Amino acid sequence: MRTIDTIYINGSFVQPHGTEKAPLFNPATEEQIGTVHLGDEKDVDAAVRAAKSAFPAMSQSSKAERVAMLQSLHDAVAARASDLTDAMREEYGAPASFIGFSVTHAATAFLHMAKTLENYEFRRHIGHAEIEMRPAGVAAAITPWNSNYGFICSKLATAIAAGTTMVIKPSEMSAIQTQLITECLHAAGLPNGIFNIVNGYGHVVGAALSAHRDIAKISFTGSTVTGRAILQAASAALKRVTLELGGKSPNIILDDADLDLVIPQVLAVGFTNSGQACIAGTRILAPESRLAEIHDRLTQAVATFKVGDAGDPAVRIGPMVSEKQWDRVQSYIRLGQQEGARLIIGGEGRPEGLDRGWFVRPTIFSGVNNDMRIAREEIFGPVLCVVPYRDEAHALEIANDTVYGLQAYVFSSDIARAKRIAERIEAGRVVINGAPHEPLAPFGGFKQSGIGREFGTYGLESFLEPRAVLG
Ligand code: NAD
């Protein structure tokens, strides 16, 4: 049993003023593995004070100094990759492939931002105006549980590159992982106050940060509902807000696709991070002419998927993060049946042979109409819908008929055709034929998937304000 009884303010691990405590669980066993002591509004005030007093020096730091900080942070995180992996496996339970990506991404986020910074011009001229890109002010980051290290590190990397200081509020459900990543960041030896980390509930610490008069910029990743609450709280002082929210990504199989190649990739992006991923390709758009063939291949492939403890490298699907999340996913599997969709694999309850742990059977519904709630709402578990389409125009209509617009996937044997489709999809990212992640390209959503972009130059500029001096 672990007790996480400190938060991180002004370069030190300190006891929080808050007195609430929350249990921490291993989702694969449902056992309580720890307790976290949570911060409150007074802790937010102390953290913001520290960030505010570190801001003047940070905003004046040189590019070379910031690059050196980013390099030290990278080295400190990379040095503990194995501990970070163990903690994520125990407290979160993602499959090994996702943990590997997440831990590596946490460290390399600092290097990617260093590269962006090295190539970035903070001063430019437009006509007779001199433009200076200045840090917007003290920033807050509010992050979810589904990739704790990655979100903390990429948001902090961007703040440092912009020359600003930050208060971070991670998910209260990830406190063991947060403790470890904080130890790494502390070991990088940055000046006090540049980053401060406060564990706490969203409605307490998150809400206090969103409304705090000394926070100028908020970078949030989480659900659309919470994003709206943050935007509302931030609007009083017109804070700059970046929101990375939910998704219901179309996963389009064109009729010329080579199914031997494509089905494994359609499933990999559909079930990524056990389905607990904003970018999961959860709506499989299948041509009517090949529907039966696609059903057969999907069910055959999913029948071989191993569900279980992430300690086993063969596991494809790990547990849901919490009992609440398990219940939510089960309720959608029930709902899909009530709405008239047909289960082609999976269903309610735990997978055979697993009598404890928040495990869900990988589930695929067919006969789904895009008006059904299972096709419109984010389920955030391993539950996919197959939505049949008649022709390209119909596929595009279904793909864009959603309040979300985060990511989309297109699979085709004809790249030019796939690109034509990609151009007409309303989403921040369109991935053709399983192309790999591009860490310097902008990431973020259209419509209710968010506001603003992260990563690379677009991410950096979301922490900056342009000032024009005309002389
Ligand atoms: P969540 O919105 O419940 O919580 C996210 C964070 O916000 C947590 O730290 C939480 O404590 C905090 N929070 C909650 N209420 C708050 C409030 N009123 N004010 C301020 N902060 C508050 O989301 P979650 O359940 O942790 O994560 C899952 C969601 O995140 C999914 O909807 C998923 O799509 C989304 N997500 C989006 C991206 C993206 O990049 N677009 C990435 C990962 C996850």
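These legends walk through several views of one predicted model.

A note before you start: residues are numbered from 1 along each chain as its sequence is written. Because this is a predicted model, local features need pLDDT of at least 70 and side-chain atom pairs count only at pLDDT 80 or more, while totals for chains, interfaces and linings use all residues; side-chain values use heavy atoms, with hydrogens and water left out.

**View 1. The whole protein chain.** Here you can find 15 helices and 23 strands (DSSP runs numbered from the N terminus, helices being H or I of at least four residues and strands E of at least two). The radius of gyration is 22 Å, close to the 23 Å that the globule rule gives for 471 residues, so the chain is as compact as a globular protein of that length (taken over C-alpha atoms; the rule is 2.2 Å times the number of residues to the power 0.38). Along its principal axes, the C-alpha trace spans about 65 × 60 × 40 Å. Of the 471 residues, 59% count as buried (under 20% relative accessible area, with exposed over 50% and partly exposed in between, using a 1.4 Å probe and protein chains only).

**View 2. The sheet of β6, β7 and β23.** These 3 strands make an open, antiparallel sheet in the order β6-β7-β23 (two strands pair if DSSP finds at least two bridges between them). At the edges stand β6 (123–126) and β23 (464–470), each with a single partner strand, so one side of each is left without a neighbour in the sheet. Strand β7 (residues 129–135) meets β23 over 7 bridges, and Ala 129 stands opposite Leu 470 in β23.

**View 3. Two nonpolar cores.** The largest core holds 63 residues, and Leu 70, Val 77, Phe 110, Tyr 149, Ile 160 and Leu 185 have the most contacts inside it (a core is a set of buried Ala, Val, Leu, Ile, Met, Phe, Trp, Tyr and Cys residues joined through side-chain atoms within 4.5 Å). A second, separate core of 34 residues includes Ile 379, Leu 396, Ala 399 and Val 410.

View 4. UniProt, in an unreviewed entry, places the feature "active site" at Glu 244 (positions follow the numbering used here, feature names are shortened, and annotations may be inferred rather than shown by experiment). Glu 244 is found in strand β12 (residues 240–244) and, at 3% relative accessibility, counts as buried. Not counting residues up to four places away in sequence, Glu 244 touches residues including Phe 220, Thr 221, Leu 406, Phe 443 and Arg 453 (contact means heavy atoms within 4.5 Å).
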